[in-house]
Every structure is written in structure tokens, then in C-alpha cells.
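Please review the sequence and structure shown below before reading this briefing. The points that follow are grouped by topic.

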Amino acid sequence: MLSRRGFLQHTSGALLTLTSGAVAQRANTNAQVFYDPTVLRHEPPSDHPESPKRLDAAMGAVRILERQGRVSIAPPRPATEDDVLLVHTTEYVKKVRTEIAAGRRTLSTGDTDLSPGSLAAALAAAGTVVSAVDAVMNGRTRTAFCAVRPPGHHASQARGMGFCVFNNIAIGARHARRRHRVDRILIADWDVHHGNGTQEVFWSDGAVLFFDVHQHPWYPGTGSPNENGDGKGRGLIVNNPFPAGSGRKEILGAFRERLVPLADRFKPQLVMISAGFDSRAGDPLGRFTLTDQDFAELTDVVLGVAREHAGGKLVSVLEGGYALDGLPRAVASHLERLAS
Ligand SMILES: [Zn+2]
């Protein structure tokens, strides 16, 4: 865990911007951060990049913003099995339960490490998104950020992989459909890796426009431009692969020039972000070059879409982001705009 002093050293740049804003009323923020410390109980081996330290670092940045009255922190509820089954098969959920209970250290379906607390953490992560969707749809906050792990966007209906157990954002989107009768949802994914699980879940769904920018070639290898959905979902899967070294020009360009006109036609009633910050310059698991300022501007583009079509309703969900100094800075930059 980063010490308080270590965290301050790591985030000294971000603090300059964090302290520049006026102190707002604590109870009157536009952005709520949903966080359940149960997510720390998922404990891969100590040298694994998807570590509980990621959330300690990110929440350090969140708490600075909370003290300034810019965001509030809310406790979510864990997901029920019913929530998880909105996306995943009964067989897969049983497999996850059985393998964790048996003490397996890796999930048999893919490269996701496990520990005794992984089920509780994965249910907390999925439930966090469900709770955030409820808060935004019920008008308790305009925007929400879900500080969760394990990440979710590589998990499909019957397969966890890529550090993911349950597809948190997909479960949240399906919950919005079922509970709040939302007919059209945009999911924008700026994680450096392709969100293959989310793509598979919504491949022929028709209610979700999935817009993904990712490094290619790179893990997991999917996400070509000609993967664009089928049936009711035809044309609603939109992949934007870019080579290593890509950054502001390519990614912000795709969001401004492709996402905005697509959203103008689709008219989402709820906007969600798979906010992976492994697309930030210097991340150990990616080769994109986005800066904290770029994340602020990407947030503005998506927020613009939400305000234009969805009454401002936006739920952002943490995916990747593995640099313990970079992640809190990027999260702070993202949250400052969500709170604006
Ligand atoms: Zn990633």
C-alpha cells in the first residue's frame, strides 16, 4: 500500500489542479464515486499488476476531491446472483463459485488469477455498477464513477479472462434495461485493450451501442473494424483499432469525429464508460500515449453526448490502469470533469 506521503509525492502534479477549484457544497456534487472496500479482497499474487494497490491509489485521489467537496463517496450494495445472471450463464457462475471454493488459483476459463476473497470482490464490483446505475437513473447524482476491481470488459457470458471475472459494466447496462426500462445505452470503452467480453455480450442485443478504441495488435487480439454486430445489433459494435504509439490525435479524434455522430443517430438514454486508464502514457500493460489532459477532454466529449441525449446521465466504470503513480492522476482528471 502506498503511504500517505508516498501518495502525495506521486500525485503532486494532480494536487495543483485539485486545489485550484472552489470548495463546493459537500452534499451538492454532480459526481458520486461508488466504492466498496470488499473489492480489495481479490488478491492475485503480489507481483501481479492487477493489485489491490491500484484501488488504494485511485481512492487516494478520490478522497482529495471529496475533501474539496467536488465529489461524494457512496456505499454500493453487492450484486445478487440474479444481477450476475443478467449477463452470465448459470453454468459459468457455478464454475466461478466452485473453483474459488476449491481454492483454485486461476480461473479455468482464462487468464484470471483467483484468491479466497475473489467471489466477494467480483460480486461487490458488479453490484457497484448496479448501484451507480440506480443512483443516476433515480436522479440522486448526475454522474457516477465506479471504483472497482477486478475489471470486467474481457468477461463474456460463459468465460472470464484477462483479469476479469464478471462483466461489471454489462451487468449494469442490463440492469438499466430491466429495472429502469432504458431502451438505448451507449458504452464507450477507452481501455487500451479491446473489450471483447462486452462486444460478445451485446453482439446481437440491439439496445447497446458499443464504441471501442484499443491498441492493435495487442491482447486479446479481437476488435477489428469488420466486427460490427449481428441481427438487432448489426452496426452497433464499432471498433477503432490503433497501433502502438497512438494517443491524443487518434483517440480523441475517433471520439469527436466518429462517436459523436454515431450517438446523434443512436440517441442513448444512458451513457456508460469502460474507463481503462492503461491507455495512459507509461502504463506497463499498454503502448498508448494519452495524458491526463486527454482523459479530461475524452470525458468532456462523452459528457457532451450524455447531456445532449441522456439528460446528462453517465456511469463510468474503472477497467484497467496499472501504473500506480499514473492511475490516480488520470482518475482525478476524469472525475474533475464528471463533477463539472
Ligand atoms: Zn486494459
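Which residues in α11 are buried? They are G326, L327, P328, A330, V331, A332, S333, H334, L335, E336 and L338, where buried means under 20% relative accessible area with a 1.4 Å probe on protein chains only. This is a predicted model, in which local features need pLDDT of at least 70, side-chain atom pairs count only at pLDDT 80 or more, and totals for chains, interfaces and linings use all residues. Residues are numbered from 1 along each chain as its sequence is written, and side-chain values use heavy atoms, leaving out hydrogens and water.

**Helix α11**
- Helix α11 covers residues 326–338, helices being DSSP runs of H or I with at least four residues, numbered from the N terminus.
- Of the 13 residues in α11, 11 are buried, so the helix is mostly covered.

**Packing of α9 and α10**
- Helix α9 (residues 248–266) and helix α10 (residues 292–309) pack at about 5 degrees, with axes 10 Å apart; the axes are lines fitted to C-alpha atoms over the stretch in contact, and angles run from 0 to 180 degrees between N-to-C directions.
- α9 is therefore roughly parallel to α10, a term for angles under 35 degrees.

**Cysteines**
- The whole structure contains zero disulfides, a disulfide being a pair of cysteine sulfur atoms within 2.5 Å.
- The sulfur of C164 lies 15 Å from the closest cysteine sulfur, in C146, which is too far for a bond.
- C146 is buried, with a relative accessible area of 0%, and C164 is buried, also at 0%.

How values were computed
Helix = DSSP H or I, 4+ residues; strand = E, 2+ residues; numbered from the N terminus. Parallel < 35°, antiparallel > 145°, perpendicular 65-115°, else oblique. Buried < 20%, exposed > 50% of the residue type's maximum accessible area, 1.4 Å probe, protein only. Expected span 1.5 Å × (residues − 1).
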